[in-house]
Amino acid sequence: MGSRSISAGLTAAVIGILSFVPFLAYSPNRVAESGSVFIWEIHPTLLLISVVLMVLSLFSTRPRMAWLELYLPALISTGALLILGSSAGIIPSAEASTARIGGSWGLWGWILTAYLYGSSLKRSSSSLMMVIGVTLFFLLSGVLDVFGPVREFAVKEERFFTEVRAHLSLAGSATIIAALVAIPAGIAAYRLPAFSRPAFAGVNIIQTLPSLALFGLMIAPLSWLSMRFPLLRELGIKGVGNFPALIALSGYAALPILRNTYTGLKVIPAGAVQAGRGMGMSPLRLLTLVELPLALPVLLGGLRIAFVQAIGNTTVAALIGAGGLGYFVFQGLGQAAPDLILLGVVPLIAITVGADKGLKLVEYLLTPKPFRRENDTL
Amino acid sequence: MIRFEGIRKTYDEKQALAGVDIELPTGQISVIIGPSGCGKSTFLKLINRMIDPDSGQILIDNTPVLSRSPHELRLGIGYVIQEIGLFPHFTVEENILIVPRLLKWTEQKKAERLGELMKLIGLSDGYRGKYPHELSGGEAQRVGVARALAADPEILLMDEPFGAVDPLNRSVLQDEFAAIQSKVQKTVVFVTHDIDEAVRLADHLVIMRDGKVVQAGAPEEILQKPAGRFVRDFIGADRAIKRLSLFSLRDIMQPVYPARVGEPVPPEARDKAYVWVVSKEGYLNGWAELTGRKPEENLGAEEVTRVAAAELAVFETSSLRTALSRMMGQGIRNLPVLNREWQLVGQVNLRDIEQLAGSEGDLPKTEGVSVQ
Amino acid sequence: MMKRITALILITLAVNTVFPAGGSEGSEAEKGPVTVASKIDTEGALLGNMIMKILEANGFAVDNRTEFGPTDVVRKAIIAGEIDIYPEYTGNGGFFFSDTPSDVWKDREAGYELVKKLDLEQNNLVWLQPAPANNTWAIAIRRDIADPKGLNSLDDLADYINSGGKFKIAGSEEFATRPDALPAFEKAYGFSLSENQMLILSGGNTATTEQAASRGTSGVNAAMAYGTDGQLAALGLVVMEDSRGVQPVYEPAPIIRKEVLDRYPEIADLLNPIFSKLDLLTLQKLNARIAVEGMSAETVAEDWLTDSGFLE
């Protein structure tokens, strides 16, 4: 009861304070400096939203109103997005087609507060799901069209989806390729201890190379190869684009998979392995019936880690022509357009979190029943 | 029949087995025992080719072990280890039926066999779907034994199988294993470092030291005639009492003629100082004094001194050693003996035990195994 | 257990079919497909989209790889044959062919002819007609300083600086140190900048430097700029004319793989008239619509092509 009141009280206080700092940022065009926009400048009545949210926060501490806390994050987000949506009204008609609104301390502060509060709840997943739902609703309804990143999106919509697809398939393919190499290598390292040192040394060295350098290193030899052997070019093996990106990304994805395969196998109870051998299982049967199934949870964890890391690493792939969400980040950097950068980064974060949670669910489902722990889905 | 001929095995400078020649009889429990490092575990592992010897050969029913592939060999030999090693991701049922599954038995055959085995190890059907982590140590090792026996192998190898179980349950498991063996009659090779366990279970006892067999034979023989200082010391100074473990009460108990309330005392009991009193069904209720009463009179309930059967009585399958222990503990010289259904079937007196302990084992054992 | 693994593999395959690795598909048309690319900057996007639009309108199937990457990546791609055509700058011949005299690049005609010859000989790449717009390094200064003081050219600027006028320029590391960049300006126009008259931005692109000058960040009032930058007007900056011709000439022109041009010689006829019409002011205007107003390069390219009668 005590800690709940504290967090509710803190939330109310933060919401209140942030109502008086610049809430949004207004730019007449894409390159001009943005000016602060306070809530009351949009419309004084919007301050009621702050008041309502503060009251609801404090109300949630009352014994019978405890159910309110589940909805609070979604409500705060709704308030923030409503204010954002209403801000279209302050744009002078002369600048209507080029002006854009961005977030400032207030908006981001509210959203951060909503997220932190939601994460602290016991049923945090449901609460945060509601926030996502609210955000999607606002986005799709067109109310947020003045928002900077949304404006950038409107201009580059088709490209956006192309790059999202490219990004996912690059990261996914890299993970699969890495798995095809690293899982057998992990099994080999487990069965033949002499092999484990060189195997780990190999993947560790790759990890130490900065991604940009690794991509760059790929270009020269692959270009040379594809020029010498036109057949390779036909097959899609060139110095720039998907192929070098895939090689580099697979290299990075190898370590978590190798390490988890090896560790997963090592922590299997030795008694079970001995019993299996002693009762007449061939090495292959032992692997498929006993060792791999018992190592599976850890192994799947390694795949998940590799994929989530790959999503991040793929961002740099845009620099060598492989596309992906990094395209927006680098264009935004080059044009000094932070909204464009956000258009790349925010979906990236969403995809990363989504992939992580989604794969955790898959892991849970594929874990043999005796080993499941209930909190694994979160 | 398992025969070792001239077996030698060296690990890293240490000679684990330095020339072993021995024959283990078919259908009996051979217990291999000795101090740590005597080579007993290595001995066992050579039989199912977990290890191969440096020189010499091992023959199972006159076929050299090396002539068969390890996997094929092991499929026909049951193997129980100290860690138990149940597969944590398989249910009890799946664990037990693993070798039949490897041998591709039909579903029907597997189902039948499972039923048989569950009964054999004394676990109810409710256990089939449980996972190893839900089982106690004793239950788990029973499953381990069932798993080893599932494909009905001729030979069963057991490497300190009850070592990971607490002492209380260990006795129970030893009992039960002996009962199982009496039904299945496998050739068992059993390694342990516990001399009491060895004496209790062995038909054929093999004592090893420093990679060689020091003495082998029936446990009685070894207890009475230890070959040399080492064996004598190894068995321990309480040899005579250890010997008592070899016999069960069934072998020496005296007949008993209990009285029932509301009936006259049976004639055969009338010359004693007191009589045991049972219920209509034969369960022990207590005893009644006979001095100074008319024997033809019906026994009144008020004449009975009630006793708690569990504290006082012993089972007919218990060993003399247990009986002696109970007598000492309760401070009495005469114990009622019950069958497994708790009915009174006999009695045993301290005198009977003394006689046996003093004799040179001239009482024949009625069955092939001794059980407690 | 086997069932679980099979399910996992099937799911993965399914996902990979839905999201296949690789770029976008071309449409069904009679000629091509021609892979059109460009660098990842605003002007590259504009010119690349123009090339795409005009080819598509004339019956070509086009593979869209615009905004592909930075210069060296795009260059390697065309040499490797991964892309077929992209807009490059004549002045870059100085990098691609390093053993050429640096002065030739300052001459518009001579530079173009030289890079055209060398690229054809060595790389089988053909340079089509360039646009008369010099997108070279320049110094831009705030309008509210230039106008009252009547500063138009770098000569005027040199006088202003030498007479103690307040000046601080934001530029990249490269701009500040390369001998043919700022030092060349200083030498030719007779001024010298001290360390606290320069703000070096490590990443250093003109969008950032121009923004810094516009906002007066850290006291900056001038910026490294490119001639055709679209945001100059919107940010209140004006370019100082390079009257002494210190910088190499960077005019954009489409370069195309000879193989592709031989197969479809009409491409030259389609692109040459377009590029000859793109002068400095036009490019600045069009770039502004993308960079400042935030319109898509595709729309801006299409609109202009239509307005100029190249598209219906």
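1. Of the two pairs of chains in contact, which chains share the most contacts? Chains A and C do, where two residues are in contact if their C-beta atoms, placed from the backbone, lie within 7 Å. Chain B and chain C, by contrast, are joined by no contact, and their closest C-alpha atoms lie 10 Å apart.

2. A word on the basis of these remarks: this is a predicted model, in which local features need pLDDT of at least 70 and side-chain atom pairs count only at pLDDT 80 or more, while totals for chains, interfaces and linings use all residues. Residues are numbered from 1 along each chain as its sequence is written, and chains are lettered from A, with ligands numbered from 1, in the order in which they are written.

3. The contact between chains A and B takes 16 residues from chain A and 18 residues from chain B. On the chain A side, α13 (270–278) and α14 (283–314) each supply at least two residues, helices being DSSP runs of H or I with at least four residues and strands runs of E with at least two, numbered from the N terminus. The most comes from α13(A), with five residues. By residue class, this side of chain A divides into ten nonpolar, five polar and one charged; Ala, Val, Leu, Ile, Met, Phe, Trp, Tyr, Cys and Pro count as nonpolar, Asp, Glu, Lys and Arg as charged, and the others, Gly among them, as polar.

4. The helix α14(A) deserves a separate remark. Its end C-alpha atoms span only 38 Å, whereas a straight helix of 32 residues would span 46 Å at 1.5 Å a residue, the expected span being 1.5 Å times one less than the number of residues. At Leu296(A) the helix α14(A) bends by about 55°, and a proline, Pro297(A), follows within four residues; the bend is the angle between axes fitted to the seven residues ending at a residue and the seven starting there.

5. Chain C is divided into domain 1 (32–134 + 249–307) and domain 2 (137–239), with bounds from an automatic or database domain assignment. The centres of these two domains of chain C, taken over C-alpha atoms, are separated by 28 Å, and their contact takes 13 residues from domain 1 and nine residues from domain 2. On the domain 1 side, α2 (42–57) and α13 (280–291) of chain C are the elements that give two or more residues, and α13(C) provides the largest share, seven residues.

6. The largest nonpolar core has 283 residues; such a core is a set of buried Ala, Val, Leu, Ile, Met, Phe, Trp, Tyr and Cys residues joined through C-beta atoms within 7 Å, and a residue is buried if 20 or more other C-beta atoms lie within 10 Å of its own, exposed if 12 or fewer, and partly exposed in between. The helix α14(A) gives the largest share of this core, 14 residues. Among the residues with the most contacts inside the core is Ile139(C), which, residues up to four places away in sequence not being counted, touches partners including Leu154(C), Phe185(C) and Met240(C).

7. Gln347(B), in strand β17 (residues 344–349) of chain B, counts as buried because it has 20 C-beta neighbours inside 10 Å. Leaving aside neighbours within four places in sequence, the contacts of Gln347(B) include Met253(B), Gln254(B) and Pro336(B). Gln347(B) and Ile252(B), 95 residues apart in sequence, are 9.1 Å apart in space, C-alpha to C-alpha.
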